[in-house]
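Here is a friendly walk through the pockets, salt bridges and a few backbone details of one model. Keep the viewer open as you read.

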Amino acid sequence: MSLRPTRRDWRLMLNDVVRGITAWHVWVLLGVSDVRQRYKRSRFGQFWITLSMGIFVGGIGVVYAFLFKQPIREYLPFLAVNMIVWTLISGIVNDATLAFVQASVYLRQEAMPKTTFVMRVLVRNLIAFAHNLIIIPIVFLVFLIVPSPVALLAIPGLVLMMVAAFLVTAIIGILSTRFRDLPQIITNLLQIAFFMTPVMWRVDQMGNAAWYIVGFNPFAVFLRIVAEPLHGRIPGLATYVSAFVVIAVLAAIAAPLFAKFRARIVYWL
């Protein structure tokens with residue numbers, strides 16, 4: 001059996017993507033429902049997301065500021081921005097492993113577009129990201145930091161990140177549905193990626209080794225195109241080029257994979 005998608009496979013894949021994305025009311029409802037369900041009957045509800053992140057940033061920020069010998073007024077805002085963006089990235093990758101498994105109730109009953117459940121993962125994590133964003137202006141206000149107009153560049157950076165996230169979720173979702181040990185592998189790899197990505201440390205602290213660690217790290221690329229503008233810095237052209245290269249590679253993997261195995265997802269559930 002050939003692993004190359006047929007013309008029919010490509011046509012059905014494109015139909016799935018178009019139907020899934022245009023059914024925005026379905027994946028928005030599913031994403032919102034996921035967040036509400038998680039904090040059902042909680043007194044603070046969804047704002048536990050914000051409280052948890054705020055406590056983490058405040059506690060770890062002070063410790064690491066002393067550890068790295070950094071002024072707290074500089075390090076805490078740096079950590080707050082980076083950690084919030086990283087949580088979005090890691091949350092999407094983690095949730096991608098169960099994108100279709102969690103949707104088994106729907107997929108077994110109706111021929112819904114698989115893209116709907118990819119978008120569901122993105123919406124769920126963007127809602128958490130929106131809750132965590134509240135922390136940034138609070139931290140900036142406490143340390144009297146005036147945001148730069150450059151911060152608006154975080155918006156196109158976030159758009160690029162979501163394009164990459166859509167492709168990653170499709171790839172990981174399919175592979176994790178077929179190979180059930182993959183979610184555990186990805187969880188462990190994410191822990192390694194966290195320490196190899198400039199979330200809690202600055203690139204200049206690594207000296208000459210920084211280029212090798214950051215330059216070939218796709219997590220660092222998408223972290224920087226969103227976080228750097230919020231720090232008041234314009235990401236370099238090389239960073240944007242790297243983001244487009246990563247997206248192109250992901251698209252080259254996701255498109256044939258989704259076209260060929262999209263219809264088999266239901267049988268793997």
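A residue is called buried when its relative accessible area is under 20%, exposed when that value is over 50%, and partly exposed in between, with a 1.4 Å probe and protein chains only. This is a predicted model, so local features need pLDDT of at least 70 and side-chain atom pairs count only at pLDDT 80 or more, while totals for chains, interfaces and linings use all residues. Residues are numbered from 1 along each chain as its sequence is written, and side-chain values use heavy atoms, with hydrogens and water left out.

Let us begin with Lys114, which counts as buried because its relative accessibility is 7%. Lys114 belongs to the loop between α5 (104-107) and α6; helices here are DSSP runs of H or I with at least four residues, strands are runs of E with at least two, and both are numbered from the N terminus.

**Pockets**

Rolling a probe the size of a water molecule over the atoms shows where empty space is left. The search uses a 1 Å grid over the protein atoms alone: a cavity is a set of points where a 1.4 Å probe fits but cannot get out, a pocket is an open set with protein on both sides within 12 Å along at least five of seven lines, and lining residues have an atom within 4 Å of a point. Grid points are joined across faces, edges and corners, and a volume is the space filled by probe spheres set on the points.

The largest pocket holds about 540 Å³ of space. Its lining has 22 residues, and those nearest the centre are Val93, Val168, Ile172, Pro218 and Phe219. Two or more lining residues come from each of α4 (72-96), α8 (154-178), α9 (182-196), α11 (218-230) and α12.

Among the 20 residues that line the second largest pocket, Arg38, Tyr39, Ile49, Asn125 and Ala128 are the closest to its centre. At least two lining residues are supplied by each of α2 (24-38), α3 (48-67), α4 and α6 (115-133), and α6 gives the largest share, six residues. This lining divides into nine nonpolar, six polar and five charged residues.

**Salt bridges**

A salt bridge here is a side-chain nitrogen of Lys or Arg within 4 Å of a carboxyl oxygen of Asp or Glu.

| Salt bridge | Closest N and O atoms |
|---|---|
| Asp16 and Arg262 | 3.5 Å |
| Arg124 and Asp34 | 2.6 Å |
| Arg124 and Asp95 | 3.3 Å |

Salt bridges with shared partners join Asp34, Asp95, Arg120 and Arg124 into one network. Within it, Arg124 in helix α6 and Asp95 in helix α4 are 29 residues apart, and Arg124 and Asp34, the latter in helix α2, are 90 residues apart. Arg124 is buried because its relative accessible area is 12%, and Asp34 is buried too, at 18%. Asp95 counts as partly exposed, at 23%. As for the remaining pair in the table, both Asp16 and Arg262 are buried.

**Backbone and surface**

Most residues other than glycine have a negative phi, and most peptide bonds are trans. Lys69, although not a glycine, has a positive phi of about 55°. Lys69 sits in the loop between α3 and α4 and is exposed, with a relative accessible area of 74%. Leu144, also not a glycine, has a positive phi of about 55°. Leu144 lies in the loop between α7 (135-142) and α8 and is exposed at 71% relative accessibility.

Finally, look at Leu237 in helix α12 (residues 237-261), which counts as exposed because its relative accessibility is 67%. Leu237, Val241, Val245, Val249 and Ile253 make a nonpolar surface patch of about 450 Å². Patches are made of residues with over 30% relative accessible area and no salt bridge, with like charges joined within 9 Å and nonpolar side chains (Val, Leu, Ile, Met, Phe, Trp, Tyr) within 5 Å. Accessible areas come from the Shrake-Rupley method with a 1.4 Å probe, and for residues only the protein chains shown count as cover.

How values were computed: Nonpolar A, V, L, I, M, F, W, Y, C, P; charged D, E, K, R; others polar.
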